[in-house]
Amino acid sequence: MIHLYSNQLEFNILRDYNYWNPDFHMHNFYEIFFLSRGNVDFYINNTKRHIMPGTLIFITDRDIHKSMLTSAGVYERAFIHIPPALIDSFSSPITNLSDCFNSSFGQFFQLNKKQGEFFLNTIQAMINLEKTKTWGYDIMLHSELLKILVFANSLCKSNTESQFSEQYSQRIRDIIYYIEEHLSEGLSLEYIAKHFSIDKYHLCHIFKKETNTTVYHFIQLKRISFAKRLLAEGRNLTEVCFDAGFNDYNHFITTFKKYSGTTPGKYVKLS
């Protein structure tokens with residue numbers, strides 16, 4: 001890991017074994033994720049998809065997401081965490097390198113063998129440069145990163161999103177959509193359960209079964225994600241606090257820091 005523009009650029013190729021099931025989370029940076037080995041379900045925002053080796057995913061700083069290894073074996077993936085400011089510094093009036101993170105073509109792409117090898121080899125070259133730290137390694141590191149960003153944007157502009165079957169049931173999709181549409185309201189378990197005419201304990205059960213997280217945790221992450229969007233639009237902290245469904249300003253600050261790792265004020269400076 002090296003520090004650039006007072007933020008962190010992180011990249012690695014990781015391997016885990018047996019079952020891998022972290023909870024939903026989000027970052028303060030953009031991420032390019034590549035699955036090279038494993039039987040994996042990938043959850044992002046309102047969707048759950050089963051992905052296969054060769055899948056490339058673009059994740060923004062407002063996407064809540066997680067991956068889950070669905071059968072015992074090796075889980076190998078490569079990733080790059082990129083500060084948005086760094087991408088902006090590389091962009092030009094002609095070429096906006098952050099387009100791949102906001103592409104109308106979607107977030108999931110299936111690479112062919114040659115493309116997958118290019119991505120992994122480039123990440124490995126970055127890892128080697130960071131380890132050796134020979135003269136000029138920072139310039140070479142930027143060069144390798146630019147190769148990936150140009151490749152990623154070319155991929156998005158020349159392809160449509162690869163098709164992966166939706167794994168959520170219609171009921172869970174409806175519940176998630178309802179949560180998104182009512183973030184500024186109370187959204188208690190009773191409130192949601194009443195709308196769908198089900199018992200609140202049954203709501204907890206079916207939500208946990210399909211999403212592998214709790215309703216409360218999901219709502220809190222969604223609210224912080226929404227707050228990030230409002231802050232990026234220039235809204236003041238008090239407005240953001242109440243529009244995102246927090247009735248207490250101190251609770252908003254505490255929750256934002258808990259789920260994003262920084263305060264709203266610092267996040268504004270980062271973005």
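Trainee: Is Leu187 buried or exposed?
Mentor: Leu187 is buried, with a relative accessible area of 6%. Buried means under 20% relative accessible area, exposed means over 50%, and partly exposed is in between, using a 1.4 Å probe and protein chains only. Bear in mind that this is a predicted model, where local features need pLDDT of at least 70 and side-chain atom pairs count only at pLDDT 80 or more, while totals for chains, interfaces and linings use all residues. Residues are numbered from 1 along each chain as its sequence is written, and side-chain values use heavy atoms, with hydrogens and water left out.

Trainee: Where is Leu187 found?
Mentor: In the loop between H4 and H5. Helices (H or I, at least four residues) and strands (E, at least two) are DSSP runs, numbered from the N terminus.

Trainee: What is the phi of Leu187?
Mentor: Positive, about 50 degrees, although Leu187 is not a glycine. Most residues other than glycine have a negative phi.

Trainee: And what about phi of Asn45?
Mentor: Near 55 degrees, again a positive value in a residue other than glycine. Asn45 is in the loop between S4 and S5, and Asn45 is buried, at a relative accessible area of 17%.

Trainee: What do S4 and S5 form there?
Mentor: A hairpin, with two residues between the strands. Strand S4 covers residues 40-44 and pairs with S5 in the antiparallel sense over five bridges. Two strands pair if DSSP finds at least two bridges between them.

Trainee: How many residues of S5 are buried?
Mentor: Four of the five, so S5 is largely enclosed by the rest of the structure.

Trainee: Changing topic to helices. At what angle do H4 and H6 pack?
Mentor: At about 105 degrees, with their axes 10 Å apart. Axes are lines fitted to C-alpha atoms, for helices over the stretch in contact, and angles run from 0 to 180 degrees between N-to-C directions. H4 and H6 are therefore roughly perpendicular to each other. Angles under 35 degrees count as roughly parallel, over 145 as roughly antiparallel, 65 to 115 as roughly perpendicular and the rest as oblique.

Trainee: Which residues make that contact of H4 and H6?
Mentor: From H4, Arg171, Ile172, Ile175, Ile176 and Ile179; from H6, His202, Leu203, Ile206, Phe207, Glu210 and Thr211. Contact means heavy atoms within 4.5 Å. By class, the contact of H4 with H6 has seven nonpolar, two polar and two charged residues. Here Ala, Val, Leu, Ile, Met, Phe, Trp, Tyr, Cys and Pro count as nonpolar, Asp, Glu, Lys and Arg as charged, and the others, Gly among them, as polar.

Trainee: How many residues has the largest nonpolar core?
Mentor: It has 36, and those with the most contacts inside it are Ile175, Ile179, Ile192 and Phe207. A nonpolar core is a set of buried Ala, Val, Leu, Ile, Met, Phe, Trp, Tyr and Cys residues joined through side-chain atoms within 4.5 Å. H4 (170-181), H5 (189-195), H6 (200-211), H7, H8 (237-243) and H9 each supply at least two residues of this core. H7 gives the largest share, eight residues. Apart from this core lies another of 32 residues, among them Cys100, Leu111, Leu149 and Phe151.

Trainee: How do H7 and H9 pack?
Mentor: H7 (residues 215-232) and H9 (residues 249-260) pack at an angle of about 100 degrees, with their axes 10 Å apart. They are therefore roughly perpendicular to each other.

Trainee: One last residue. Where does Leu97 lie?
Mentor: In the loop between helix H1 (84-90) and strand S9 (108-110). Leu97 counts as buried, at 4% relative accessibility. Leu97 and Val150 are 53 residues apart in sequence and 6.9 Å apart in space, C-alpha to C-alpha.
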